[in-house]
Amino acid sequence: MNVTQATRLVAEREIRVKLRDRTFLFGTLFFLLIAAAGTILPPLFAGSPDTVAVTQEAAGPLRDAGLDVRVVADDRAAEQAVRDGDVDAAVVAGPKVLAMDDSPTDVVQALSTSPPVQLLDPDAVNPVVAFLVPFVFAFVFFITSQTFGVQIAQSVIEEKQTRIVEILVAAVPVRALLAGKVVAGAILAFAQIALIAVVAVIGLQIGDSGGLLTLLAPAIGWFVPFFLLGFVLLAAMWAAAGALANRQEDIAAVSTPVQLAVMLPFFAVIFLNDNDTAMRVLSYVPFSSPTAMPLRLFTGNAAGWEPIVSLVILLVAAGAFLLAGARVYEGSLLRTNGRTSLLTAWRERETIG
Amino acid sequence: MTRTLRLDGVDRSFGDRQVLKNVSFEVAAGRMTGFVGANGAGKTTTMRIILGVLSADAGEVSWGGTALTRQDRRRFGYMPEERGLYPKMTTREQVAYLGRLHGLDAAAARRATDALLDRVGLGERGNDLLETLSLGNQQRAQIAAALVHDPEVLVLDEPFSGLDPLAVDTVVAVLRERASAGAPVLFSSHQLDVVERLCDDLVIIGDGEIRAAGSRQQLRDSYTVPRYELVVAGDAGWVRDHPGVTLVELDGPRVVFDLPAGGDEQPVLQAALDRGPVRAFSPVSPSLTEIFREVTQ
């Protein structure tokens with residue numbers, strides 16, 4: 001049996017245990033409900049078109065504009081319908097638009113002629129969407145790497161705390177243990193996100209917001225490799241942090257640097273997403289590039305080669321952190337007397353192979 | 001199988017403290033070798049080095065004449081001093097998992113697990129989560145975990161500590177079975193009476209150095225001054241005045257005495273016969289505890 005087979009066995013166990021964990025299952029279900037609600041409900045709340053009361057002669061253009069037209073006998077009846085709250089607005093002779101307390105934009109637009117508009121940058125994004133998308137990307141990466149990272153650390157500590165680690169280390173190489181946990185975490189995290197994405201896409205179709213999907217597709221496509229590499233990077237840090245601890249209670253203390261490495265890029269991307277220079281820098285820094293680069297691609301601010309360079313940097317960083325994480329993991333896994341300092345763990349390479 | 005597990009000149013330090021100094025001994029195939037020493041003498045460190053859980057600073061561990069590889073070690077069975085399995089997994093599932101990590105395929109691991117759980121008396125509790133088992137049953141599960149892959153060599157750190165008497169019998173039976181099938185079995189213990197009862201060979205470690213090693217009988221022969229017990233018809237008080245005798249114990253007609261190394265016991269017997277009837281005269285084998293005190297002091 002080689003490292004790959006051992007890694008696979010370890011990953012299989014991690015996944016099997018996780019799939020029986022109620023907290024994990026309910027958490028996933030909760031996210032799915034949010035995804036479904038968030039995509040299906042808003043178009044429903046957007047409501048039906050305005051109702052407008054009008055006499056037979058004036059009804060034509062309003063119908064063409066997609067308004068809900070109620071034909072009434074005369075202008076007096078139209079005004080009464082507005083006062084009674086039966087309709088949102090009425091169009092009477094003049095033409096004049098009647099409404100209670102809110103100027104009915106749709107009705108006014110239907111009766112006006114607009115000058116022709118030529119868009120010079122037709123891809124530019126709706127500002128609301130431009131505000132929401134960075135938030136969603138950063139949030140998905142933040143939440144996922146946080147929850148699954150903590151779980152990786154917990155699983156490392158469990159093996160240390162129960163001392164089963166000594167049997168494991170005698171049987172398989174330490175790096176297979178580390179790799180198995182990272183792989184299992186990545187698979188579970190990715191599967192969870194994919195599931196949520198599928199529900200969100202179906203939701204967008206049902207809610208008839210399919211256009212947004214076309215707009216998002218390239219950014220999502222790039223988000224996948226960035227997400228995976230970024231996850232591996234953080235997972236290696238979480239595993240090493242877990243190995244430094246000795247009891248589940250220590251986890252908060254040892255994971256502070258990892259928490260910062262997740263938190264700071266998250267807030268940086270959220271708060272600086274309209275600052276071009278900051279985003280350019282963030283899109284190359286390994287910890288923030290998984291969210292910042294897909295974002296710049298989404299807003300159309302990145303050249304075609306940029307994500308590739310950033311991805312290579314992330315790949316190198318993930319590899320380096322994996323090696324460093326494995327070394328710390330090896331150096332601290334068998335130290336079961338209290339917390340191990342990072343320096344000690346780095347110096348001590350206990351096990352053979 | 002006539003393969004031997006050998007340690008040659010193994011050194012190991014933790015920081016400035018050298019815990020193993022030039023440790024060399026053998027564990028012969030088919031024999032139960034007891035590994036004894038005071039707390040902190042280096043037993044656990046030695047066993048961890050054999051299993052590759054720790055590395056040696058110098059020296060070598062070999063199996064059948066060649067240096068141990070990870071592939072060899074995967075066919076070893078190991079019970080660490082500090083016990084533990086996954087609390088949230090069933091016994092059956094984790095024993096099978098450990099079997100697979102040791103190289104069994106899924107079907108073989110399942111078969112071996114079922115057979116072993118029955119053997120250690122956990123057949124009916126196999127599908128319970130480990131954390132719901134009693135401590136004694138968790139120990140049985142631990143034994144199953146060490147044996148699931150039918151190991152070629154057994155290294156057990158304090159296998160009897162914390163076991164109830166029934167479980168001790170089960171473990172002893174299983175270990176004897178493995179030894180008579182030709183596997184070298186190395187087990188540590190600080191319960192010297194248990195070791196005395198079980199082991200064929202003995203390795204005594206003190207302060208990181210091997211103080212004595214060999215078969216139980218060899219050690220008895222070579223590590224004690226000649227000691228004899230004499231029972232006569234009358235009072236045995238006169239023995240104290242016999243030349244060369246060191247009195248150990250005197251109780252009316254019964255006396256236990258030591259002679260200087262190489263001393264002849266026959267003159268004492270002759271003197272006793274001259275005084276009257278002799279009911280008993282025999283050499284006294286030292287207990288393991290006495291040998292242990294002598295070599296580790």
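Predicted model: local features only at pLDDT ≥ 70, side-chain atom pairs only at ≥ 80, totals over all residues.
**Stop 1: helix α1 of chain A**

Select residues 3-19 of chain A, which form helix α1. Next, colour A:Ala6, A:Thr7, A:Val10, A:Ala11, A:Arg13 and A:Glu14, the buried residues of α1(A). They lie on the same side of α1(A), because they cover an arc of only 155 degrees around the axis. Now turn to the face directed away from that buried side: A:Thr4 and A:Leu19 are there, and they are exposed.

**Stop 2: the nonpolar cores**

Select A:Ala239, B:Ala144 and B:Val155. In the largest nonpolar core, which has 150 residues, these three touch the most other members. Helix α9 of chain A (residues 210-244) gives this core its largest share, 19 residues.

Stay with B:Val155. Which residues is it in contact with, leaving aside neighbours within four places in sequence? Show B:Met47, B:Ile50, B:Leu51, B:Phe76, B:Tyr78 and B:Leu186 to see these contacts. A second core of 16 residues is separate; among its members are A:Val52, A:Ala53, A:Val54 and A:Ala81.

**Stop 3: helix α13 of chain A**

Select residues 289-298 of chain A, helix α13. How many of its ten residues are buried? The count is ten of ten. The buried residues run from A:Ser289 and A:Pro290 through to A:Leu297 and A:Phe298, and include A:Arg296. Just after α13(A), click on A:Gly300, where phi is positive, at about 75 degrees.

**Stop 4: two helices of chain B**

Show helix α5 (residues 135-147) and helix α6 (residues 165-180) of chain B together. Their axes come within 11 Å and cross at roughly 10 degrees. An angle under 35 degrees counts as roughly parallel, so α5(B) is roughly parallel to α6(B). To see the contact, pick B:Gly136, B:Gln139, B:Arg140, B:Ile143 and B:Leu147 on α5(B), then B:Ala167, B:Val171 and B:Val174 on α6(B).

**Stop 5: A:Ser332**

Finish at A:Ser332 in helix α14 of chain A, which covers residues 306-332. Is A:Ser332 buried or exposed? A residue is buried if 20 or more other C-beta atoms lie within 10 Å of its own. A:Ser332 has 28 such atoms within 10 Å, so it is buried.

Terms used: Residues numbered from 1 in each chain as written. Chains lettered and ligands numbered in written order. Helix = DSSP H or I, 4+ residues; strand = E, 2+ residues; numbered from the N terminus. Expected span 1.5 Å × (residues − 1). Buried ≥ 20, exposed ≤ 12 C-beta atoms within 10 Å, placed from the backbone. Arc of directions from axis to C-beta. Core = buried A, V, L, I, M, F, W, Y, C linked by C-beta atoms within 7 Å. Contact = placed C-beta atoms within 7 Å. Axes fitted to C-alpha atoms, helices over the stretch in contact; angles between N-to-C directions. Parallel < 35°, antiparallel > 145°, perpendicular 65-115°, else oblique.
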